[in-house]
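Subject: Structure for you to look at, with notes

Dear colleague,

I am passing on the structure we talked about, and my notes on it follow below. Please read them with the model open beside you.

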Amino acid sequence: MLQHAITFDNVSFEINQTKLLKNISGTFYKGQITTLIGPSGAGKTTLLKLCNGLISASCGQIMIEHDNIELIEPTTLRRKVGIALQSAPLLKTSVYENLALPRKLQEQKLNEEEALSFLQAVGLDKEFLMREAIDLSGGQKQKLSIARTLVNQSEVLLLDEITSALDPKSVREIEELVVQLNVQYGVTIIWITHNIEQAKRLGHYTWLLKEGQLIDAAQTEILFQSDNPVVQSFIQRGNER
């Protein structure tokens with residue numbers, strides 16, 4: 001039996017009287033990669049932000065394992081549930097200082113030996129440690145962004161379109177890295193992607209959202225064989241791009 005990492009129970013999110021998410025219920029399983037697919041404006045990023053408390057649900061309940069998300073102290077929650085965004089926002093300083101930021105926020109220090117181990121975990125050589133983060137390539141910035149989440153030893157990693165602006169070689173490297181983190185460290189991954197083939201390759205499970213609603217959620221191979229016309233229509237359009 002798979003354990004629950006994050007569970008949504010009838011969750012909605014509304015802003016300015018517009019519902020961006022409507023009565024979402026479903027489970028992200030521990031140690032699994034779940035890909036989130038759906039057209040632009042479907043509510044995928046909103047759902048991701050709910051998972052680590054960047055925003056709060058308008059109604060319904062979100063559980064992190066057995067704890068209500070509203071009862072978890074925010075810094076504790078964001079150590080447990082890390083996030084890496086498409087833009088890979090980094091400090092305009094050294095790679096080392098970027099890696100040290102999560103510890104600094106906790107009034108702790110990250111020594112160089114630890115920093116090097118995190119770089120090694122994401123496939124960056126030690127020579128990168130004192131380089132300026134803004135001088136890195138797109139793929140290297142994403143690796144650094146992921147390494148920074150590892151400093152917190154996050155059990156869940158939220159990924160928002162992190163390969164969409166990368167060249168094919170960098171996409172492969174990031175995909176291999178994420179799979180390695182999942183297999184080697186048991187990190188639960190929730191990954192938004194507009195790439196249908198990427199969702200097929202990487203997802204143990206896949207959720208399809210449209211217009212703020214969860215259309216279907218299943219093991220990836222089952223979802224992509226669904227006879228639901230909405231699912232099939234979306235997959236067909238994705239394959240035609």
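Which residue in strand 5 is the bridge partner of Ile 64? The partner is Asp 67, and please keep in mind, here and throughout, that this is a predicted model. Strand 4, which covers residues 59-64, pairs with strand 5 in the antiparallel sense, over two bridges. These strands belong to an open sheet of four strands, ordered 2-1-4-5, in which the pairing is antiparallel. At its edges lie strand 2 (18-29) and strand 5 (67-68), each of which pairs on one side only.

Running over residues 33-37, strand 3 has five of its five residues buried, so it is largely enclosed by the rest of the structure. In a regular strand the side chains alternate between the two faces of the sheet. In strand 3, Ile 33, Thr 35 and Ile 37 point one way, whereas Thr 34 and Leu 36 point the other way, and all of them are buried. Strand 3 pairs in the parallel sense with strand 8, over four bridges, and also in the parallel sense with strand 9 (residues 205-210), again over four bridges.

Thr 193 is worth a look next, in the loop between strand 8 (188-192) and helix 7 (196-202). Its relative accessibility is 2%, and because buried means under 20%, Thr 193 counts as buried. The side chain of Thr 193 makes a polar contact of 2.6 Å with the side chain of Gln 198. Leaving aside neighbours within four places in sequence, Thr 193 is in contact with Thr 35, Leu 36 and Ile 37, and also with Glu 161, Gln 198 and Ala 199.

Finally, there is a pair of helices. Helix 3 (residues 95-105) packs against helix 5 (residues 138-151) at an angle of about 35°, with the axes 8 Å apart, and the crossing of the two is right-handed. On the side of helix 3 the contact is made by Val 95, Asn 98, Leu 99, Leu 101, Pro 102 and Arg 103, and on the side of helix 5 by Leu 144, Ala 147, Arg 148 and Val 151. Sorted by class, this contact of helix 3 with helix 5 has seven nonpolar residues, one polar residue and two charged residues.

With best wishes

Terms used:
Residues numbered from 1 in each chain as written. Predicted model: local features only at pLDDT ≥ 70, side-chain atom pairs only at ≥ 80, totals over all residues. Heavy atoms only, no water. Buried < 20%, exposed > 50% of the residue type's maximum accessible area, 1.4 Å probe, protein only. Polar contact = N/O pair within 3.5 Å; in protein donor to acceptor, adjacent residues only side chain to side chain. Contact = heavy atoms within 4.5 Å. Axes fitted to C-alpha atoms, helices over the stretch in contact; angles between N-to-C directions. Left-handed = near helix turned anticlockwise from the far one by under 90°. Nonpolar A, V, L, I, M, F, W, Y, C, P; charged D, E, K, R; others polar. Pairing = 2+ DSSP bridges.
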